[in-house]
Amino acid sequence: MSGLFEDDEKLPEPEPAGPGLFGDAPAAPAPVVAAATPYRVLARKYRPVRFDDMIGQEVMVRTLRNAFAVGRVAHAFMLTGVRGVGKTTTARIIARALNCVGVDGTGGPTVDPCGVCANCTGILADRHPDVTEMDAASNNGIDEIREIIEAVRYRPMQARTKVFILDEVHMLSKPAFNALLKTLEEPPPHVKFIFATTEIRKVPVTVLSRCQRFDLRRISASELAAHFAKIAEKEDVAIAPEALTLIGRAADGSARDGLSLLDQAIAQSEPGQMIDGAMVSEMLGLSDRASVFDLFEAVMVGQPAKALALTDRAHERGADLGVMLQDLLELVHTVSRLKSVPGLRDSADLPEAERTRGAEFADRLSMAALGRAWQMLLKGVGEIEAAPDRRAAAEMVLIRLCYVSDMPPPGDLMRRIMEGGGGGAAPGGSGGGGPSGGGARAVANGSVVQAVAVPRFNSFREVAALASERREALLHGHLVHSVHLVRFAPPVIELRPQADAPRDLAARLAAMLQEETGQRWTIAMSAAPGEPTLAEQGGAADLARRAEAAQHPMVRAILEAFPGARIDAVHDARADAYGLLTEAPAALGGEAQGFSGDPEGPDFAPLDAEYVDDPSAAWEN
């Protein structure tokens, strides 16, 4: 019987031949469905768990490695940097490094935590009883700090070291900072503090002095792009290098921000579709990079119609023209750097467009033109933010740029004219004048620029006036008050400086004159007495004019009739800004001071004039 039952147990169960007891077919067993795994964003999925995983923070990693190797680990760390560079991540790695016991449970503090021991897994899961992470932005009062101070007194429950991580520590109140100072200065040996902040200037210096500070730097766009390329490969996502470059630039040094943008770009594309630069530009609301270069070229060569056509197309695509102007501002900065440091043209940090077209602009444009474009764009970006119509404000800025595009700086204009060449002018513009001198005619773009004055200085006063016209306030003040003219023989000027004159006065004056005239000037310093300063000459001339005026009969009569009256100022239409006549005075008498001998008539009646009481008689005479 036992054999029979054994054989029967091996037979398969018979299939049901008909309906069940209640007339329906037996139900098939329900398939087992695995619970869906919740999606983890890339910023959390690829968060570094070891120092080797971190990018762009080589200096900090090397310092911490050396500190753990020699057993010189500080009791408090201050981690600072922009958002998303790895401050909190570094704090958690340090906490694991301090408490890792290794795979066999016998290890000590190590800069390379195993990641599998109980302490490592507990800290990674944010559930370790001896590692406290607190957001100081929402727990910034003294009560929360008192809880930490109370917890410091007790030894760790499971780990080797108690670790307190305070994120955004600059948000703590002043009483909270003060309560923490004593504990922070002399903590128990089993306690470590790790602070993180984006606003290091708001942290009291008394706290900073008790911490070992690490400044986590912004991650370069090239490093971010390479990092994102590795992650895209792991995620089996096809993305163009241009798109990675755009995401790296938009991240602005933050790995977390960049990974969030990469997540968004992946979600925007169809499965298996290549993510290109155009898709990322549209996602970010950026104008196409090629369009930015075309727009820059249009405004710098003075083509407003082409510039406005480009902005129309960008506006139709949904691009913000304010952002487009910011892109232009960034491009001006890049071209200026390429012009100043030609070696950057071979840098891997710059995209291909900047290295090629940017280098062409750097060769074609002068630094003066780039500086002028920077100032106008910088002012224009502010105008856009305040304007009721952003598009109209942006287009007005671009039109202004077009109309000053080919206007040369004064120094270049003077050099061209003196060398016999032509001077350019902005569309619809005209030439300017110098201190004095003859006129010239220059041909630019087929049109004649009329009456451009070549600066010829007849006196030291005209040199000082040039400094005033160029808004060189400090230089002008020293030329008026702090130097005595010894010899004026252009292009040589000999001066005796006073004690308050700056040491670089000669160099600054020579540079200004060379830029204005296009020729080298020699400014010599002498010990000879020289003339009085322009301020002293003007003061003497003013005193002489007052004395001359006080001798006039009419003025004497007024002073006698009104006791206490005084002569406050005497204005001479022929005097310049320094109170001196445009022509050198022939003598120190009243005639030289301008009270007689004026071909257009004297300022006062002659001294021998008779007083006439009847106005009609005066007309008859």
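A residue counts as buried when its relative accessible area is under 20%. By that criterion, helix 4 in this predicted model is mostly covered, with twelve of its 13 residues buried. The buried residues are Lys87, Thr88, Thr89, Thr90, Ala91, Ile93, Ile94, Ala95, Arg96, Ala97, Leu98 and Asn99. Several elements take part in covering them, including helix 3 (58-70), helix 5 (118-124), strand 1 (76-80), strand 2 (131-135), strand 3 (162-167) and strand 4 (191-197).

The length of helix 4 can also be checked. At 1.5 Å a residue, the 13 residues of helix 4 (residues 87-99) should span 18 Å, and the end C-alpha atoms are 19 Å apart, which agrees.

Five strands form an open sheet in the order 2-3-4-1-5, and their pairing is parallel. Strand 2 and strand 5 (212-215) are the edge strands, each pairing on one side only. From one strand to the next, the twist averages 15°.

Strand 2 and strand 3 run parallel and are joined by five bridges. Together, strand 2, helix 6 and strand 3 make a right-handed β-α-β unit.

## Strand 3 within the sheet

In a regular strand the side chains alternate between the two faces of the sheet. Strand 3 is covered on both faces: Lys162, Phe164 and Leu166 are buried on one side, and Val163, Ile165 and Asp167 are buried on the other. Six of the six residues of strand 3 are buried, so this strand is largely enclosed by the rest of the structure.

Strand 3 also runs parallel to strand 4, to which six bridges join it. Lys162 stands opposite Val191 of strand 4. A right-handed β-α-β unit is made by strand 3, helix 7 and strand 4.

Asn178 belongs to helix 7 (residues 174-185). With a relative accessible area of 45%, Asn178 is partly exposed. Asn178 and Thr206 are separated by 28 residues in sequence, while their C-alpha atoms are 8.9 Å apart in space.

Pro187 is placed in the loop between helix 7 and strand 4. Its relative accessible area is 18%, so Pro187 counts as buried under the 20% limit. When neighbours within four places in sequence are set aside, Pro187 is in contact with His75 and Phe193. Pro187 and Val152 are 35 residues apart in sequence, and 7.7 Å separates their C-alpha atoms.

Another open sheet consists of three strands in the order 8-9-10, with mixed pairing. Strand 8 (483-489) and strand 10 (522-525) stand at the edges with a single partner strand each, so one side of each has no neighbour in the sheet. The twist here averages 25° from one strand to the next.

Strand 8 pairs with strand 9 (residues 492-497) in the antiparallel sense, over six bridges. Leu485 has Leu495 of strand 9 as its bridge partner. Helix 20 (residues 460-469) packs on this sheet and touches strand 8 and strand 9; the direction of helix 20 makes about 115° with that of strand 8.

His484 is found in strand 8 and is buried, with a relative accessible area of 7%. Not counting residues up to four places away in sequence, His484 touches Glu494, Leu495, Arg496, Gln498, Pro529, Glu531, Pro532, Thr533 and Glu536.

## Cysteines

A disulfide is a covalent bond between the sulfur atoms of two cysteines. Cys120 takes part in no disulfide, and the nearest cysteine sulfur, that of Cys117, is 3.4 Å away.

Cys120 is buried, with a relative accessible area of 0%. Cys211 is buried as well, with a relative accessible area of 13%.

Technical notes. Residues are numbered from 1 along each chain as its sequence is written. This is a predicted model: local features need pLDDT of at least 70, side-chain atom pairs count only at pLDDT 80 or more; totals for chains, interfaces and linings use all residues. Side-chain values use heavy atoms; hydrogens and water are left out. Helices (H or I, at least four residues) and strands (E, at least two) are DSSP runs, numbered from the N terminus. Buried means under 20% relative accessible area, exposed over 50%, partly exposed in between (1.4 Å probe, protein chains only). The expected span of a helix is 1.5 Å times one less than its number of residues. Contact means heavy atoms within 4.5 Å. Two strands pair if DSSP finds at least two bridges between them. Axes are lines fitted to C-alpha atoms, for helices over the stretch in contact, and angles run from 0 to 180 degrees between N-to-C directions. A disulfide is a pair of cysteine sulfur atoms within 2.5 Å. A crossover is right-handed if, with the strands pointing away from the viewer, the path from the first strand over the helix to the second runs clockwise.
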